[in-house]
Amino acid sequence: MAPLRMTVKVVPAETQKNLDFLLPSRGTRTYIEQMGQLSTIEKLGILADAAKYDASCASSGTAKKNSLGGKGIGSTEGMGICHAYAPDGRCISLLKILLTNHCIFDCHYCINRKSSNVRRARFTPQEVADLTISFYRRNYIEGLFLSSGIIKSSNFTMEQMVECARILREEHDFRGYIHLKTIPEADPELVHQAGLYADRVSINVELPTDSGLTRLAPDKNAQQIEGAMGKVKSDIAEMKDARKRFKHAPRFAPAGQSTQMIVGADAASDADIMGKASRLYDGFKLRRVYYSAFSPIPDASAVLPLKRPPLIREHRLYQSDWLMRFYGYQAREVMQATDHDGNLPLDIDPKLAWALKFRESFPLDVNRAPREMLLRVPGLGVTAVNRVLAARRHKTLRLEDVGRVTVSIAKVRPFIIAADWRPTTLTDRADLRTLLAPKQEQLELFAA
Amino acid sequence: MTALRQPTDTAYYTVSMLEPDDFAFWRDKARQLVQCGIPPGQVSWTEPGSSGDLFAGEGTQLPVPPADVPQIRASKRFLALAKNVVLHSDPERFALLYALLWRLQANPRIMEDKTDLQVRRVEELDKNVRRDSHKMHAFVRFRRLERDDGEDHYVAWFEPDHHIVRANAGFFKRRFANMHWSILTPKGCIHWDGDTMRESPPAERGDAPSSDPAEELWLKYYASIFNPARLKVSAMMSEMPKKYWKNMPEAALIPELVAGAQKRESQMVAAGELTFDERPETLGAIEKAIDRCRKCPIGELANHSVMGEGPQDAALMIVGEQPGDQEDQARRPFVGPAGQLLDVHLQKAGIERSKAYVTNAVKHFKYVQRGKRRIHQSPAAKEIDTCRWWIEAEREIVKPKVVLAMGASAARGILGRTVSISKVRGQPVPLEDGSELWITAHPSYLLRLEGEAQEKQVKLFDADLAAVRERLAELAV
């Protein structure tokens with residue numbers, strides 16, 4: 001493949017002497033210096049660093065594959081595996097890198113935007129495939145998560161990414177996990193190709209509101225992003241249907257599609273974000289919506305708030321996401337848990353916030369209440385509810401029994417009735433929230 | 001217990017397990033004991049290598065069940081758990097499973113009672129074993145050995161908590177079916193040669209290779225993929241407890257990464273926090289203030305600040321990139337070669353420079369020293385954005401009707417974003433204060449070009465200036 005062509009102006013020495021060498025703000029010479037021969041390890045450092053702001057790491061929920069009897073390598077068995085954890089507490093499951101961090105777009109929140117002053121590097125598809133295989137053989141990773149800055153054009157970039165996946169699947173006969181971040185502006189045919197090689201494809205909506213996108217990512221277009229997601233959704237449905245009729249029909253992104261939204265870079269409230277997430281889940285059958293707290297980046301754009309990432313807010317959003325996906329809450333119900341400014345309370349979780357707002361629904365009798373209501377009791381998770389349901393077929397549950405299937409009975413107690421327990425006036429207490437909110441932690445002495 | 005005969009046998013039995021993880025063996029013995037009606041209190045189970053039960057009686061020979069004994073019962077759930085729990089390292093596991101199996105005969109649905117203490121204990125052991133297996137899948141690290149026959153052989157050293165090695169051989173076989181590999185552990189080893197699985201007795205850490213050429217890359221990846229602004233050590237520790245660290249090459253980096261993280265984050269945050277005081281209200285005050293400005297590294301260089309010049313009520317503001325070497329020495333904007341070229345073209349277009357306010361997006365000269373010469377360096381986007389504070393202050397005071405930005409840096413100084421000159425030139429861009437922005441190339445660009453390209457760009461430049469003059473005339477009416 002052709003090396004990246006940069007238009008580099010060579011200035012004659014004598015002109016340079018008395019010339020200020022002004023214009024354009026992207027220094028031409030620094031490129032030459034930077035593009036000099038970078039070793040694989042240097043490129044890996046730059047392109048992994050550039051990829052770390054993407055929150056997604058899952059390697060689960062895809063079709064089962066193994067390499068028994070074949071010539072290939074790798075397997076996926078449904079459950080994702082985290083091969084290591086970084087000090088930020090995040091799972092390292094996939095080799096998550098960019099193909100290149102050169103980019104013709106200028107999105108303010110992104111470290112790789114055109115106007116950023118970061119070091120740039122670029123892998124060839126062959127390098128990416130070789131690196132993936134050599135990591136995979138040593139059991140460091142489950143597979144590859146490839147994303148990229150946009151070079152030359154969206155189509156050119158997408159072609160290169162598909163080529164990485166093709167080398168892995170066809171030349172190495174790789175049966176591990178591949179996640180490709182697709183480019184919404186690319187030709188739908190290329191995105192289709194990506195889905196045929198990848199286990200999961202994703203397209204980032206980036207920001208919860210269209211106005212935020214226009215302001216912070218001027219080169220992106222909300223309609224185009226949603227159009228591309230809609231196309232992937234219909235491709236997935238079509239291929240699933242084909243597999244019902246033809247056993248050997250190709251699989252298309254068996255682990256589905258996901259997306260990511262940045263939290264805290266614009267003024268969108270939690271209600272906006274949850275509304276958007278719920279529309280995405282319903283409209284595009286997404287497997288996951290990832291929320292990524294906007295985190296300070298080196299050489300940041302002046303438009304953005306450079307402060308500690310709102311990690312608790314991100315956590316509350318994930319909790320509300322879980323309520324919608326696993327606890328049977330409607331988006332509008334989770335929104336009822338927000339404060340008047342449309343944001344979820346930070347000191348208590350959204351489920352408790354909802355329960356405190358709708359106290360008339362409680363207390364619930366653990367020996368009689370239906371599953372969907374028990375799921376609304378703060379402190380009872382899905383597992384605990386299943387255990388309660390199984391256990392109550394055998395005996396009438398006492399408070400002590402409930403305590404055995406859950407982590408903390410103190411949190412559950414005010415909201416339930418058991419054989420030997422009735423919380424009398426507890427739910428009427430005005431200070432219930434203070435009683436149940438986790439104790440304020442001592443601030444860290446050296447916290448930034 | 002009605003189905004079984006009343007226990008008449010009061011002897012005490014000991015079952016010695018031959019392997020610590022042999023479920024089939026335990027199942028056969030347990031079935032036999034239940035059929036003979038031996039209650040859990042009369043059976044003890046020992047593992048290979050253990051010193052045995054102090055109270056173990058004489059009867060190691062198990063009784064033979066009568067021929068007419070009914071089938072014993074065990075729920076699917078119990079069997080699934082028992083297969084896993086047998087692998088646990090808790091010496092009580094066999095007895096616990098036997099006690100539950102005994103109770104299952106009277107109450108076949110006992111496994112559903114999640115509040116039962118024995119059921120909970122079995123589930124807990126099962127969870128421990130599943131977690132240990134999962135961590136084995138995750139944290140085994142192969143190192144490559146080149147064998148004498150030229151084949152690559154991948155060898156790992158792993159220390160499981162429980163007897164899970166044999167049970168997990170299948171996972172690694174399915175995944176690395178076409179590789180030759182060995183997993184060495186203190187609880188026994190497994191070897192795969194692409195065709196058959198072999199077992200061997202426990203090994204020591206020294207038996208595995210101590211390094212691998214790919215580890216350097218992996219360590220680089222590990223250190224680069226983590227975001228220092230999101231340090232969450234407790235989350236990492238709960239999923240990757242310290243006991244695993246000694247066999248994971250990347251774990252050696254953790255202390256250093258954690259120590260460096262807070263520093264890196266606070267640097268990034270500090271770099272973004274620009275605390276400016278009140279904006280100066282006169283050009284004179286700006287001139288004084290920029291002289292002291294050290295908000296970006298350019299201010300730290302050996303240079304002077306260069307203030308804009310021209311009438312305070314000018315209708316036209318001309319913005320360049322930054323002062324150059326000659327401007328820095330003269331402390332006046334646009335006096336060097338580019339300035340001279342600009343003068344020529346302004347005259348040609350019929351714009352009087354003395355009636356315009358001429359300034360720069362960045363107020364100090366950025367350069368690198370090469371011998372005696374100071375070589376111009378383009379300001380970074382961040383530096384331009386920082387300096388917008390000053391150009392905005394100038395615009396507030398001068399209130400030009402038209403701003404002419406020359407070059408991408410100047411345009412960014414006004415707009416706060418990078419634009420492509422070829423796309424935006426020749427038409428006004430409305431600004432928030434009601435004035436309008438015209439964007440053209442920087443005159444130094446013209447100086448750098450030669451031949452046809454230069455001619456073409458000069459024409460475009462002249463056309464832009466002419467358009468600005470016309471627009472000024474319209475606005476003056």
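This is a predicted model: local features need pLDDT of at least 70, side-chain atom pairs count only at pLDDT 80 or more; totals for chains, interfaces and linings use all residues.
The C-alpha atoms of chain B occupy a box of roughly 120 × 55 × 40 Å along the principal axes. The radius of gyration of chain B is 41 Å, whereas the globule rule gives 23 Å for 477 residues; the value is well over that of the rule, so chain B is more spread out than a compact globule. Of the 477 residues in chain B, 38% are buried. Contacts in chain B between residues at least 6 apart in sequence can also be sorted by separation: 73% of them join residues at least 24 apart.

The next topic is the meeting of the two chains. On one side, 74 residues of chain A take part, and they are in contact with 80 residues of chain B. Several elements of chain A give two or more residues to this side, namely the helices α1 (13-18), α3 (40-49), α4 (125-137), α14 (382-391) and α15 (399-405), together with the strands β1 (84-85) and β3 (94-98). The largest share comes from α3(A), which gives five residues. By residue class, the side of chain A that touches chain B comprises 37 nonpolar, 19 polar and 18 charged residues.

Within chain A, one pair of helices shows how elements pack against each other. Helix α6 (residues 188-197) of chain A and helix α8 (residues 222-245) of chain A have axes that come within 11 Å and cross at roughly 50 degrees. Because of that angle, α6(A) is oblique to α8(A). The crossing in which α6(A) passes α8(A) is right-handed. From α6(A), the residues that make the contact are P188(A), V191(A), H192(A) and G195(A), and from α8(A) they are A228(A), K231(A), V232(A) and D235(A). These contact residues of α6(A) and α8(A) divide into four nonpolar, two polar and two charged.

A pair of helices in chain B may be set beside this one. Helix α2 (residues 76-85) of chain B packs on helix α4 (residues 117-139) of chain B at an angle of about 55 degrees, and the two axes are 8 Å apart. The helices α2(B) and α4(B) are therefore oblique to each other. Here the crossing in which α2(B) passes α4(B) is left-handed. The residues L81(B), N84(B) and V85(B) of α2(B) meet V122(B), E123(B), L125(B), D126(B), V129(B) and R130(B) of α4(B). In this contact of α2(B) with α4(B), five residues are nonpolar, one is polar and three are charged.

Two individual residues of chain B deserve attention. A99(B) belongs to helix α3 (residues 93-106) of chain B. A99(B) counts as partly exposed because 18 C-beta neighbours lie inside 10 Å. When neighbours within four places in sequence are left aside, A99(B) is in contact with P40(B) and Q118(B). From A99(B) to G41(B) the separation is 58 residues in sequence and 8.4 Å in space, C-alpha to C-alpha. G206(B), by contrast, is located in the loop between β7 (197-200) and α6 (215-224) of chain B. G206(B) has 9 other C-beta atoms within 10 Å and is therefore exposed. G206(B) stands 77 residues from V129(B) in sequence and 26 Å from it in space, C-alpha to C-alpha; V129(B) is one of the residues of α4(B) in the contact with α2(B).

The last topic is backbone geometry in the loops of chain A. Most residues other than glycine have a negative phi, and most peptide bonds are trans. The peptide bond from F362(A) to P363(A) is cis, with omega near -5 degrees. P363(A) is in the loop between α12 (350-357) and β9 (364-365) of chain A. D173(A), a residue other than glycine, has a positive phi near 50 degrees. The loop that holds D173(A) runs between α5 (154-171) and β5 (177-181) of chain A, and D173(A) is partly exposed, with 14 other C-beta atoms within 10 Å. K285(A), likewise a residue other than glycine, has a positive phi near 50 degrees. K285(A) is placed in the loop between α9 (270-284) and β8 (288-293) of chain A. With 15 C-beta neighbours inside 10 Å, K285(A) counts as partly exposed.

Terms used:
Residues are numbered from 1 along each chain as its sequence is written. Chains are lettered from A and ligands numbered from 1 in the order in which they are written. Axes are lines fitted to C-alpha atoms, for helices over the stretch in contact, and angles run from 0 to 180 degrees between N-to-C directions. Helices (H or I, at least four residues) and strands (E, at least two) are DSSP runs, numbered from the N terminus. Angles under 35 degrees count as roughly parallel, over 145 as roughly antiparallel, 65 to 115 as roughly perpendicular and the rest as oblique. A crossing is left-handed if the near helix is turned anticlockwise from the far one by less than a right angle, and right-handed if clockwise. Two residues are in contact if their C-beta atoms, placed from the backbone, lie within 7 Å. Ala, Val, Leu, Ile, Met, Phe, Trp, Tyr, Cys and Pro count as nonpolar, Asp, Glu, Lys and Arg as charged, and the others, Gly among them, as polar. The radius of gyration is taken over C-alpha atoms; the globule rule is 2.2 Å times the number of residues to the power 0.38. A residue is buried if 20 or more other C-beta atoms lie within 10 Å of its own, exposed if 12 or fewer, and partly exposed in between; C-beta atoms are placed from the backbone.
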